[in-house]
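Here are my notes for anyone opening this one up for the first time. Have the sequence and the 3D view side by side, and take the points in order.

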Amino acid sequence: MNVPARMARHEPSPEESPFARDVIAGLTARPKRLPPKYFYDETGSKLFERITELPEYYLTRCELAILHDHVAEIALIIDVKTALIEFGSGSTRKARILLAACPAIEAYVPVDISSEMLGREAAQLQQDHPRLKVLAIPADFTKPFDLPSTISDLARTGFFPGSTIGNFEPHQAAAFLHHAARILGRGATLIVGLDLIKDAGILNAAYDDAAGVTAKFNLNLLARINRELGADFNPDAFCHQGFYNIERRRVEMHLASRKRQTVKVCGRAIDFRAGETIHTENSYKYTIESFGALARGSGWSPVALWTDPKGWFCVQVLLATEQVS
Ligand code: AVJ
């Protein structure tokens, strides 16, 4: 079949980009799914910032409070000249708390898939901290990447806040922790934020807010696929779902088809039954013990941890155990 050149440009073949490949793989899988890392285009990153300000979304506020309250103790742990490597940085708001109180941090290396936001945030941070080495790496931090050679004389402190680790399946979280131990190397420290298991009502509200910002964030994924891959999703024909799955200890987000419909994506026809969902995100919740066990099994030893007064969120400091495989 002859495809006009103009059409072909708007419908990249699955081989063309990792995004196209992942979208086709996810939408042809049963059940349908899409990787949450693709939420964060320009619009999605802004919507996520709005989520962090919602009354129901307690995660960011709790974590900021923990960091503010305990940063002096963190500074005592990271006391030798170090690079702070942040995985999936988004905003630099949390790193700024550490930078203000930890004079040992000489370089800041944010690694993020959302390159526009990364560039802006890194440039602003550099202005505010003229003597800090700011070395932004636009990359998918779940894939191997090299640290800049200019930080080879510094110790390494990894920073993985926001409960982003909850997006991984537990076995992927273990693989990520091993991967982080390899990238950061011997003697490294890792500061991780994780969301704790709690009452389902609080979790349901946090991921299905009254103002509908989380719904917009979830639905933007379809708009992004339209924009970047020339698909013809009608976002109004899908609805947001966000709920806590108690048995699996995770919040699930889905986009449910409001009717039977067919959508064209990268030249393929994707059929939806009425009510069929695309599973767009898991956000695993841990206990202090279950996360500690995961860390110990993945090359790290927990050395300190704090929660907010309600016990909803936890920041743990891990030390790389000697043997790095
Ligand atoms: C940034 C992955 C931690 O799981 O809470 C917020 C993303 N999704 N609302 C989370 C998110 C829906 C968030 N993480």
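1. Start at Q261, setting aside neighbours within four places in sequence: Q261 is in contact with A237, F238, I270, D271 and F272, where contact means heavy atoms within 4.5 Å. Q261 lies in strand 10; helices (H or I, at least four residues) and strands (E, at least two) are DSSP runs, numbered from the N terminus. From Q261 to D271 is 10 residues in sequence and 5.9 Å in space, C-alpha to C-alpha. With a relative accessible area of 11%, Q261 is buried; buried is under 20% relative accessible area, exposed is over 50%, and partly exposed is in between, using a 1.4 Å probe and protein chains only.

2. A word on what you're looking at. This is a predicted model, in which local features need pLDDT of at least 70 and side-chain atom pairs count only at pLDDT 80 or more, while totals for chains, interfaces and linings use all residues. Residues are numbered from 1 along each chain as its sequence is written, and side-chain values use heavy atoms, with hydrogens and water left out.

3. Next, T82 and L154. T82 lies in strand 2 (residues 82-87) and is buried, at 1% relative accessibility. Not counting residues up to four places away in sequence, T82 touches A104, I105, E106, A107, L154, A155, R156 and T157. L154 sits in the loop between strand 5 (137-138) and strand 6 (155-160), and L154 is buried too, with a relative accessible area of 7%. With residues up to four places away again left out, L154 touches K81, T82, A83, E106 and A107.

4. T82 and E42 are 40 residues apart in sequence and 31 Å apart in space. L154 and S114 are 40 residues apart along the chain, and their C-alpha atoms are separated by 26 Å.

5. How do helix 3 and helix 9 cross? The axes of helix 3 (residues 42-51) and helix 9 (residues 213-229) come within 9 Å and cross at roughly 175°. That makes helix 3 roughly antiparallel to helix 9. Axes here are lines fitted to C-alpha atoms, for helices over the stretch in contact, with angles from 0 to 180 degrees between N-to-C directions; under 35 degrees counts as roughly parallel, over 145 as roughly antiparallel, 65 to 115 as roughly perpendicular and the rest as oblique.

6. Now the residues that meet there. Helix 3 brings T43, G44, L47, F48, R50 and I51, and helix 9 brings V213, T214, K216, F217, N220 and R227. By class, this contact has 5 nonpolar, 4 polar and 3 charged residues. Ala, Val, Leu, Ile, Met, Phe, Trp, Tyr, Cys and Pro count as nonpolar, Asp, Glu, Lys and Arg as charged, and the others, Gly among them, as polar.

7. Helix 10 (residues 288-296) has F291, G292, L294 and A295 as its buried residues. They cover an arc of only 160° around the axis, so they are on the same side of helix 10; the arc is that of the directions from the helix axis to the C-beta atoms. On the other side of helix 10, E289 and R296 are exposed. The cover over the buried residues of helix 10 includes helix 7 (170-184), strand 7 (189-195), strand 13 (300-307) and strand 14 (313-320).

8. Most residues other than glycine have a negative phi, and most peptide bonds are trans. The R30 to P31 peptide bond is cis, with omega near -10°, and P31 is in the loop between helix 2 (18-27) and strand 1 (32-33). R249 has a positive phi, near 55°; R249 is in the loop between strand 8 (238-245) and strand 9 (250-257) and is partly exposed, at 40% relative accessibility. C266 has a positive phi as well, near 50°. C266 lies in the loop between strand 10 (261-265) and strand 11 (268-272) and is buried, with a relative accessible area of 7%.

9. How many disulfides does a search of the whole structure find? The count is 0, a disulfide being a pair of cysteine sulfur atoms within 2.5 Å. The sulfur of C102 is 18 Å from the closest cysteine sulfur, in C314, which is too far for a bond. For C314, the closest cysteine sulfur is in C62, at 11 Å, also too far for a bond. C102 is buried, with a relative accessible area of 2%, and C314 is buried at 0%.
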